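Subject: the structure, plus notes

Hi,

Here is the structure I said I would pass on.

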Amino acid sequence: MTIADDKVVTFHYKLRDSEGTFTESSEGASPVVYLHGRNNIVPGLETEMVGKKSGDKFTATVTPAQGYGERNPDAIQRVPVKHLATRGPYAVGQMVAVNTSQGLRQAQVAKVGHFNVDLDLNHPLAGKTLLFDIEVVEV
């Protein structure tokens, strides 16, 4: 059986960016399970999965446009520390949760002040070409 819309797919992955920086992996953990064709994984990876079958191993290259988007330099926002759900002290590069009108949102600390922090609201992988090493476990 091959991967197509409305098929349940189980796979393991290793993710790195185009510079070869290791990001994350499912090895040694449970594989990822998703319903294909329902936008449950990165769009570019879902496209690369089409037609694959159980046991297939391959590398998928996902551009920023088909991954987490391009970096938006205007997505830096100064936020009072009192609005952060994550308690300090804070450090540049740290991921924190911030209270918004839509609930908690993850952001990366770009600058730390006494009463405010500058948060980068871009996804940490925005603007990066992603390389996924995939092993399809089951379709």
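Below is what I found, starting with the whole chain and then going to single residues.

First, the ground rules: this is a predicted model, in which local features need pLDDT of at least 70 and side-chain atom pairs count only at pLDDT 80 or more, while totals for chains, interfaces and linings use all residues. Residues are numbered from 1 along each chain as its sequence is written, and side-chain values use heavy atoms, with hydrogens and water left out.

**Overall picture**

(Helices are DSSP runs of H or I with at least four residues, strands are runs of E with at least two, and both are numbered from the N terminus.) Its C-alpha atoms fill a box of roughly 55 × 30 × 30 Å along the principal axes. Of the 139 residues, 33% are buried; that means under 20% relative accessible area with a 1.4 Å probe, protein chains only, while exposed means over 50% and partly exposed is in between. Taking contacts (heavy atoms within 4.5 Å) with a separation of 6 or more, 58% are between residues 24 or more positions apart.

**Two cores**

A nonpolar core here is a set of buried Ala, Val, Leu, Ile, Met, Phe, Trp, Tyr and Cys residues joined through side-chain atoms within 4.5 Å. The largest one has 19 residues, and Phe11, Tyr34, Leu45 and Met49 are among those with the most contacts inside it. Strand 1 (8–17), helix 1 (43–49), strand 4 (57–62) and strand 9 (130–138) each give two or more residues to this core. Another core, of ten residues, lies apart from it and includes Val81, Ala107, Val109 and Leu119.

Beyond its neighbours within four places in sequence, Phe11 touches residues including Pro31, Tyr34, Leu45, Met49 and Ile134. Compare Phe115, which sits in the loop between strand 7 (103–112) and strand 8 (116–120). Phe115 counts as exposed because its relative accessibility is 69%. The C-alpha atoms of Phe115 and Phe11 are 44 Å apart.

**A buried Asp**

Asp17 is in strand 1, and it counts as buried because its relative accessibility is 3%. What does the side chain of Asp17 make a polar contact with? Its partner is the side chain of Lys128, at 3.5 Å. (A polar contact is a pair of N or O atoms within 3.5 Å; within protein, one must be able to donate a hydrogen and the other to accept it, and residues adjacent in sequence count only if both atoms are side-chain atoms.) A polar atom of the Asp17 side chain also lies 3.0 Å from the backbone nitrogen of Thr21.

Most residues other than glycine have a negative phi, and most peptide bonds are trans. Asp6, in the segment before strand 1, has a positive phi near 70°. Asn39, in the loop between strand 3 (32–35) and helix 1, also has a positive phi, about 60°. Asp6 is partly exposed at 43% relative accessibility, and Asn39 is exposed at 65%. Gly88 and Pro89 are joined by a cis peptide bond, with omega about 10°; Pro89 is in the loop between strand 5 (76–80) and strand 6 (95–100).

Cheers
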